[in-house]
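This report describes how the parts of one structure meet.

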Protein chains: 2
Amino acid sequence: MQLGKASVKFEEPPVILSMASIVGKKEGEGPLGKMFDMVEQDDMFGADTWEKAESTLQKQTADLAIEKGDIRRKDIRYLFAGDLLGQLIATSFGTVDLEIPLFGLFGACSTMGEALNLGSMAIAGGFADKVMAMASSHFATAEKQFRFPLGYGNQRPYSSSWTVTGCGSVVLGKHKKEGIAAITGITTGRMVDMGIRDSMNMGAAMAPSAFHTIQQNFDDFQVDESYYDKIITGDLGKVGRTILLDFMKNKGHNLESVHTDCGLEIFDSETQDTHAGGSGCGCSASVLCSYILPKVQSGEWKRVLFVPTGALLSTVSFNEGETIPGIAHGVVIEHIGN
Amino acid sequence: MQLGKASVKFEEPPVILSMASIVGKKEGEGPLGKMFDMVEQDDMFGADTWEKAESTLQKQTADLAIEKGDIRRKDIRYLFAGDLLGQLIATSFGTVDLEIPLFGLFGACSTMGEALNLGSMAIAGGFADKVMAMASSHFATAEKQFRFPLGYGNQRPYSSSWTVTGCGSVVLGKHKKEGIAAITGITTGRMVDMGIRDSMNMGAAMAPSAFHTIQQNFDDFQVDESYYDKIITGDLGKVGRTILLDFMKNKGHNLESVHTDCGLEIFDSETQDTHAGGSGCGCSASVLCSYILPKVQSGEWKRVLFVPTGALLSTVSFNEGETIPGIAHGVVIEHIGN
């Protein structure tokens, strides 16, 4: 194991044993629609509140990842999971029935990166044979939590993003025989505050943290953008991507062709009216489990830097005029084998 | 390293390099008043909002732990931290200036246990030489978040607890020469829901999770209450303690003399009008850093099971009539040496 300033390179990289993604109707109509394991047509997921709907989404996605991997639930030693809601209620209520020791995480939309950072340390450190990493978001719970009642039919500026209804769940473990995607390294982010105050422009708030984590990854691994087939941020969207590319260009890195963003992949903003792109911790988590990991497992992409990005704000901090600091956690995912 | 079902016993236990506690005026007037490193008389901590006050509290406590341990801030590789507020805004804003890679945690009032679980795995796994674990709460931010505006002067039932204004911060590392308190084991909790719905009786909501984690610890380490000098829960208070002791008694364990609770230690409920006791993640964190760790370092207590307890609810889940599931994380802290 090698340690960089904020990075770990694993000698025996944890592997992806199984993954699952479930999304809502709108996400199912987007460009990645056919890649998700399940598209739920009922945004209430059969529940009677939005929050219970998101809890149900987490539970169903966890169960599906366990089923797809032919894994026994009780063999999963730790669950690293989170969502966007105050006091993590989607996760708290969604995971009771799993009966797995839980580390509740909050990294805003970076949560899947945080979960994979911690989960891979737990495996590589010998503390577990199998762990689950999971994150979810739901359009309606997020709008209710952060913005306006849906009934207002509020207008949205073009810089705003659309919170994804979706969940991604990964089971990490030690060994796998074929189709191997492994987490070969991690770069843990820190809070970065550049003074952005516009909650309708989260891409701008998160871009500096993505820049910081990608630059830190390059420094720690002594590599540049040519080392990766893809560098994939979480939910910067159109505005955030432009800022990230500008920042990187100033440091001599051209990310134009190697970079994409889960928020840009999941919706067709022209036809789906999603403005800057998708967002929410379910965005990067569901795109990871449907689009990114299969391409690494097949070998189409040999090495990917996955960088979920989070904007840390609450209605309280926003209404008190505070800035929106960001955080981004990097995960190096590689195809191992032929 | 030995693994139990939900526990780890470390071969090379991470040690407490330094710790600090800062509390508010009311906590300073309680039975542990003289043990805290600092008692701030201004509950606003010089800030202009309650949330900024709590962020300032976190920043000051982190700085103090670093200073007391004569540690360089940049040598701390990871920060495991959290608070009670929606989207962890006390932590997010409080830790920007630390510039330490951050894992944001939410385990309600169990957060210090979660942070010590993960922090000690990071050290014992060889991923870091030094990490910080920290948790805070503030009476006024918590009341605003979860209950009623302070100006209402709302009456409180006797089963309710009083959220502690306080923060505790621990720096964990690999080696120390004297006064050694080490984390020799951890037991990670899972969500436990016994159907309690009364947000003014959090002790009852958390007691089943404390019971579950303590029982799991006994099973995994093949010990009973006689193994520990003290078993110290987080913030069960009077009501929760009674329930825990009853549950344990039914399993043949008498915890009457070995058990105490941070929420019962921090206030004198007779004279301080705090009803069932103190609560909040700053309660167990500040009591750990002022009262528990010094006694282990001095050898007065040889072995302690520290079990911070959390009740997972939000105003949304409560108003939707949901139950209050609980979680508790166990940390075995031992005096090493003479």
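Contact here means heavy atoms within 4.5 Å. The model is predicted.

**One residue of chain A**

By that rule, and leaving aside residues up to four places away in sequence, A:Glu265 touches A:Pro31, A:Leu32, A:Thr260 and A:Tyr291. With one of these, A:Thr260, the side chain of A:Glu265 makes a polar contact of 2.6 Å. A:Glu265 lies in helix 8 of chain A, which covers residues 262-266. From A:Glu265 to A:Ile196 there are 69 residues in sequence and 25 Å in space, C-alpha to C-alpha.

**The two domains of chain A**

The domain assignment divides chain A into domain 1, residues 15-173, and domain 2, residues 180-336. The centres of these domains, taken over C-alpha atoms, are 18 Å apart. Where they meet, 52 residues of domain 1 of chain A are in contact with 54 residues of domain 2 of chain A.

Between them, domain 1 and domain 2 of chain A bury about 4000 Å², and carbon and sulfur atoms account for 69% of it. No salt bridges are counted between domain 1 and domain 2 of chain A, while 15 residue pairs are in polar contact across this interface, both residues at pLDDT 80 or more. On the domain 1 side, the elements of chain A that give two or more residues include strand 3 (15-23), helix 1 (25-28), strand 7 (130-137) and helix 5 (139-146). The largest share of that side comes from helix 4 of chain A, with eight residues. By class, the side of domain 1 that touches domain 2 in chain A has 26 nonpolar, 19 polar and seven charged residues.

**The two chains**

How is chain B placed relative to chain A?

The contact between the chains takes 59 residues from chain B and 59 residues from chain A. About 4700 Å² is buried between chain B and chain A, with 67% of this area given by carbon and sulfur atoms. B:Gln87, B:Phe93 and B:Phe127 supply 17% of the area that chain B buries against chain A, more than any other three residues.

Four salt bridges are counted between chain B and chain A. One of them joins A:Glu322 and B:Lys52, with the closest N and O atoms 3.3 Å apart.

Among the elements of chain B that give two or more residues to the side touching chain A are strand 2 (7-9), helix 2 (50-68), helix 3 (89-94) and helix 11 (315-319). Helix 4 of chain B gives the most to that side, with five residues. The side of chain B that touches chain A has 30 nonpolar, 18 polar and eleven charged residues.

**The two interfaces in a table**

| Interface | Buried area and its carbon and sulfur part |
|---|---|
| Chain B and chain A | about 4700 Å², 67% |
| Domain 1 of chain A and domain 2 of chain A | about 4000 Å², 69% |

Technical notes
Residues are numbered from 1 along each chain as its sequence is written. Chains are lettered from A and ligands numbered from 1 in the order in which they are written. This is a predicted model: local features need pLDDT of at least 70, side-chain atom pairs count only at pLDDT 80 or more; totals for chains, interfaces and linings use all residues. Side-chain values use heavy atoms; hydrogens and water are left out. Buried area is the accessible area (1.4 Å probe) that two parts lose on being put together, summed over both. A salt bridge is a side-chain nitrogen of Lys or Arg within 4 Å of a carboxyl oxygen of Asp or Glu. Helices (H or I, at least four residues) and strands (E, at least two) are DSSP runs, numbered from the N terminus. Ala, Val, Leu, Ile, Met, Phe, Trp, Tyr, Cys and Pro count as nonpolar, Asp, Glu, Lys and Arg as charged, and the others, Gly among them, as polar. Domain bounds come from an automatic or database domain assignment. A polar contact is a pair of N or O atoms within 3.5 Å; within protein, one must be able to donate a hydrogen and the other to accept it, and residues adjacent in sequence count only if both atoms are side-chain atoms.
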